[in-house]
Amino acid sequence: MSSIQQYIDLYESCSSAVDAGSTAVMNLPRRDALERLRGAKLPSRGDENYEISDLEDVFAPDYGLNINRISAANVDIDEPFRCDVPNMSTSLFYFFNDTYYDDNIVRPALSAGVIVKSLREAGETHREILEKYYAKIAPMDDAQVALNTLLAQDGLFVYVPAGVVVERPIQVVNLLRAESPLMVNRRMLIIIEAGAQARLLVCDHTQSPGVKFLNSQVLEVYVGENSVFDYYDLEESSIDTSRVSSMWLRQAAGSNVLVNGMTLTNGFTRNNYRIDINGEHAETRLLGMAIADGRQHVDNHTHISHNAGYCHSDELFKYVLEDEARGSFTGKILVAQGAQKTQAYQSNRNICAESARMHTKPQLEIYTDDVKCSHGATVGQLDPDALFYMQARGISCQEARTLLMQAFMSDIIDGIRLEALKDRLRHLVEKRFAGTLAQCRNCLGTSCHGKMKSIEKRKN
Amino acid sequence: MLTIKDLHANIEGKEILKGINLQVNAGEVHAIMGPNGSGKSTLASVLAGNPAFTVTGGSVVFNGKDLLAMSPEDRSHEGVFLSFQYPVEIPGVSMVNFMRAAVNEKRKYYGMEPLSASDFLKLMREKRAIVELDNKLTSRSVNEGFSGGEKKRNEIFQMAMLEPKLSILDETDSGLDIDALRTVAGGVNKLKTANNATIVITHYQRLLDYIKPDFVHVLYKGRIVKTGGPELALVLEEKGYDWIKQEFDNMRGE
């Protein structure tokens, strides 16, 4: 039996509580979601597009849900920022598990007409906007989307009206904290109207080490004509956190979109990025990085669809995998018939220890003649010549590896269009690599082992 | 300073060094010459600790310590410097960060505090002048997009920064035009003191016009087969290596 059944049972036993804890617009599609989920299965390992990730497995455990919307007490919202992303001069918003948290938070006023608030609340105050956009582009025949639609009660609503430039970046901090296993269902609806500009930074933090979390989220993003939208997604969760996130983004003519997904610490992560370029002269840059060791699992599945001509997309994902880490990247680019003069570039580069595994799958489907498309994938190790060169200058093997891995990630960080975040991320990545090496003396790279071996051999 | 005794080394099972003996004292300049494939660069790599080579016999004592037991970074801290024949490009690592890490790790090794940012930049400025290295290059990634001459100048700049006791210059003259050669050699000479020593590995005599050796050794088939004064380099320049090859091969009956 599919692990979906337990969620169907749960919903059927308390559908009125689910509805009561949400808003009419979010309640409306639940029926449809429920019907589609009956008899459905989540993708399992080996299914198409799920070479390494098993969602049936991920959704199978018995997690608690906060259906009655019991509010968060004693939330220490400062905790993750002491070490991570302080002083970014952002407009800060918080989610505690899947509940919007707004107690006594003072922040500067947003630009005129800009709305950033709880989706549930927006259902009351801006019902007509939600009715027009909610659950419209995330397709219900995707089981994870249907499940999220069935169970999500709250989320984030961002609305930037036409022509408004939001100078101050919007930062959303998602905190996971619980004493027993918890599933959160988050939903985001983001609408950037024509000629508007906004930058959104979303940080995932898990504050309860040792507690299992399942974070299932669905994002729907509308990017209007000639608008500019940056979306930065930074995951720093725990080894016991599973995350399944799918973004459905539609961009109109002349728009410019940057999406950057960064996984620094996690347990199991599957990110789906589906971008539809529906108008001419649009630009898309999709970036991603994953740093994984231990038994971390990072799977990014991307699909960029060029549905109109004269657009440019550029995609780059980089992974550093150590220990028993597992990584996967799928990059599908579809150039529809008639999308003339499309330029689509894709690259996936990986540094993978011998004990780790990386799966990479570029997929180009082109139905038009006059296009420029390219893709490339590499899996390798750190350059032993560069390591030796640095060691010969007195830099320790550990430090040399850290510098090289940081350097490897530099183009992902350089792609960030937010100076303060760029600096911050450089620091975080440095800490991440340095921490990894300090934790695990056994997982120093092969070339350093090589060195040790040659010395030992001589002594014998 | 450096005593090499019966040093044997191989790479992927192939023996390259077949018993090297060499004594280098403080204040001396030794030139090691020899035909292609004789083992000159291997000797340099082995002394610096390149893990690609395996030492199968012999000993190397450097200032009383067993050099071969040390990691490459500790050899550097102890004062061994290799100027690479092919300096490695490291995209994404800036020269400044690279040098700061190198200088500060050495200081750490000797129990000293890291240099302050201003002292470090002052040091960089001072040492850059020795080889006339462009300021722009130090703000770029290590060796990335450097011309051949700039790479070699950069090696000598790093040597100046680290103030080694023993510098091994591996084919530092290769790929240099005459002006660059003069600058690089000038840098090496400026850094020379009575307390440090230099091993110059070269195929040609021309570098030795600028860096005057006290001893010239000829390496052939993994052994030093001839040692002489500076005049030996001139003989080699005139007569080539064939006569030495013949002499050696006849002697061994090969």
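The entries below concern a predicted model.

**Entry 1. The contact between the chains**

I began with chain A and chain B. I found that 26 residues of chain B are in contact with 23 residues of chain A. I then asked which elements of chain B each supply at least two residues of the side that touches chain A. They are strand S4 (54–62), helix H2 (72–78), strand S7 (90–94), helix H3 (95–109) and helix H6 (148–162) of chain B. H3(B) gives the most to this side, with 5 residues. By class, I noted 15 nonpolar, 8 polar and 3 charged residues on the side of chain B that touches chain A.

**Entry 2. The domains of chain A**

I turned to the domain assignment of chain A, which gives domain 1 (4–278) and domain 2 (388–460). The contact between them takes 12 residues from domain 1 of chain A and 9 residues from domain 2 of chain A. On the side of domain 1 that touches domain 2, the elements giving two or more residues are strand S7 (197–206), strand S9 (228–236) and strand S11 (256–265) of chain A. The largest share of that side, 3 residues, comes from S11(A). I recorded its make-up by class as 7 nonpolar, 2 polar and 3 charged residues.

**Entry 3. The largest nonpolar core**

How many residues does the largest nonpolar core have? I noted 202 residues, and those with the most contacts inside the core are Val158(A), Ile192(A), Leu321(A), Leu404(A) and Ile168(B). Helix H10 (residues 397–414) of chain A gives the most to this core, with 10 residues. Domain 1 (4–278) and domain 2 (388–460) of chain A both contribute residues, so the core lies between them.

Setting aside neighbours within four places in sequence, Leu404(A) is in contact with Leu382(A), Ala386(A), Leu387(A) and Val93(B).

I checked helix H8 (residues 143–151) of chain A and found it mostly covered, with 9 of its 9 residues buried. Among these buried residues of H8(A) are Gln144(A), Asn148(A) and Thr149(A), as well as Leu147(A), Leu150(A) and Leu151(A).

I next looked up Val166(A), which is in the loop between strand S4 (154–160) and strand S5 (170–176) of chain A. Is Val166(A) buried or exposed? Val166(A) is buried, because 20 other C-beta atoms lie within 10 Å. Not counting residues up to four places away in sequence, Val166(A) touches Leu110(A), Ser111(A), Val114(A), Val160(A), Gln197(A) and Ala198(A).

**Entry 4. Two positive phi values in chain A**

Phi of Asn49(A) is near 70°, a positive value in a residue other than glycine. Asn49(A) has its place in the loop between helix H4 (30–37) and helix H5 (55–59) of chain A. Asn49(A) counts as partly exposed because it has 15 C-beta neighbours inside 10 Å.

Arg69(A), also not a glycine, has a positive phi of about 50°. This residue lies in the loop between H5 and strand S1 (91–96) of chain A. With 16 C-beta neighbours inside 10 Å, Arg69(A) counts as partly exposed.

**Entry 5. The open sheet of chain B**

I traced an open sheet of 6 strands in chain B, in the order S6-S9-S10-S3-S11-S12, with mixed pairing. Strand S6 (80–83) and strand S12 (223–228) of chain B stand at the edges, each with a single partner strand, so one side of each has no neighbour in the sheet. Neighbouring strands are turned by 20° against each other on average, direction ignored.

Within this sheet I examined strand S3 (residues 29–33) and strand S11 (residues 215–220) of chain B, which pair in the parallel sense over 4 bridges. The bridge partner of His30(B) in S11(B) is Phe215(B). Helix H1 (residues 40–48) of chain B lies across S3, S6, strand S9 (166–170), strand S10 (197–201) and S11 of chain B, and runs at about 145° to S9(B).

**Entry 6. Val184(B)**

Val184(B) is buried, with 26 other C-beta atoms within 10 Å. Beyond its neighbours within four places in sequence, its contacts include Val131(B), Lys152(B), Ile156(B) and Leu176(B).

Terms used
Residues numbered from 1 in each chain as written. Chains lettered and ligands numbered in written order. Predicted model: local features only at pLDDT ≥ 70, side-chain atom pairs only at ≥ 80, totals over all residues. Buried ≥ 20, exposed ≤ 12 C-beta atoms within 10 Å, placed from the backbone. Contact = placed C-beta atoms within 7 Å. Nonpolar A, V, L, I, M, F, W, Y, C, P; charged D, E, K, R; others polar. Domains from an automatic or database assignment. Core = buried A, V, L, I, M, F, W, Y, C linked by C-beta atoms within 7 Å. Pairing = 2+ DSSP bridges. Axes fitted to C-alpha atoms, helices over the stretch in contact; angles between N-to-C directions.
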